[in-house]
Amino acid sequence: MTRDVRQAGRFTPRYPRRAGRFVLRLGSPAAALGIWQLLTGLDVDLWLRFSQFPTVADVARAFADRLSGPDYWTDLTDSLTRILTGFLLAAVLGVATGALVARSRLAADLLGPLLEVIRPIPAIALVPVAILLLPSNEQGIVFITFTAAFFPVLVSTRHAVRALTPVWEEAVRTMGGSRLRILASVVLPGALPGIFGGLSVGLGVSWICVISAEMISGQYGVGYRTWQDYTIVNYPGVFVGMVTIGVLGWVTSTAVEVVGRRLTRWLPRTSYVPGARIPRRPRGATTPVPVTPRTEKDVPHDQLV
């Protein structure tokens, strides 16, 4: 039986190791850029009008020119300041409100209906409210960013807290734990995976709304500069803004995921591991093939979820 298992596992295809995965991750953007350059360089007009698009070389030159000037870094700083301020406020208030609504019937009755009425309203539709209520455009943009991230964090926290098994809380209460102790040692740690899921979603929505708000009422920022390039028909500059937005969103989302993995290292990670080898059952075998479980130590850090 052991020999059959070894022979079956020998023919099981293995996923590339870290170096191969790194090549794959670099290869897909490089292939996309190559196709883009080919279609725009040849002025292909089948159904999509690639002749109207700037080439990759045009965007690269515009990017180099923009990096050499001070406006690009000012826009970058302003957008990051707005997104981080609004997102951090949304993270703190969203987690606190979500846990309160999930744990208190009084809070759920008082705040639940009001929050559910406001939640479907797109954050960008609140721009007139921000203009009327807040004294400056800067505060209005931060308000829009905060609103965009607040509700995803709130909803994910509420559902994560309500999904906790009561046995954990009862165990701490049996040992004399107070409500504060239960909140700190059971509720918040147990809800962390759901909370970070909401934070990741909320950050993506925040980037969409902060760029839109900068286009409408901003004076500096990546969104404002992108819209200005569009109005003066500077299409390479528009693509510079789009690439900058994408890179910023990717970097900040990755930072949230890394922090989430660090804070949830205590979670069991043997239920599913991407790329794990499962031996095939040999022909004619009637008993299942034993599979050795993989622990977190056997898995590359970037594959942990």
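Helices here are DSSP runs of H or I of at least four residues, while strands are runs of E of at least two, and both are numbered from the N terminus. The structure is a predicted model, in which local features need pLDDT of at least 70 and side-chain atom pairs count only at pLDDT 80 or more, whereas totals for chains, interfaces and linings use all residues. Residues are numbered from 1 along each chain as its sequence is written, and side-chain values use heavy atoms, with hydrogens and water left out.

Threonine 244 counts as buried because its relative accessibility is 3%, where buried means under 20% relative accessible area, exposed means over 50% and partly exposed lies in between, with a 1.4 Å probe and protein chains only. If neighbours within four places in sequence are left aside, threonine 244 is in contact (heavy atoms within 4.5 Å) with Phe63, Tyr72, Leu76 and Val222.

Val222 leads on to helix α10 (residues 222–231), whose buried residues are Val222, Gly223, Arg225, Thr226 and Asp229. Seen down the axis of α10, these buried residues fall within an arc of 165°, so they line one face of the helix; the arc is that of the directions from the helix axis to the C-beta atoms. The buried residues of α10 pack against α3 (56–67), α4 (70–103), α9 (179–217) and α11. After α10 comes valine 233, whose phi is positive, near 60°.

The aromatic rings give another view of the model. Rings of Phe, Tyr and Trp (for Trp, its six-membered ring) pair if their centres lie within 6.5 Å, and planes under 30 degrees apart count as stacked, over 60 as edge-to-face and the rest as tilted. By this rule there are 8 aromatic pairs. One of them joins phenylalanine 150 and phenylalanine 151 edge-to-face, at 5.1 Å centre to centre and with 80° between the planes. Phenylalanine 150 is buried, with a relative accessible area of 10%, and phenylalanine 151 counts as buried at 9% relative accessibility.

Tryptophan 227 and tyrosine 230 form a tilted pair, with 5.3 Å centre to centre and 35° between the planes. Both lie in helix α10, 3 residues apart, about one turn of the helix. An α-helix has 3.6 residues a turn, so residues three or four places apart point the same way. Tryptophan 227 is partly exposed, with a relative accessible area of 38%, and tyrosine 230 counts as partly exposed at 44%. Elsewhere, ring pairs link Trp36, Phe50, Phe53 and Phe239 into a cluster.
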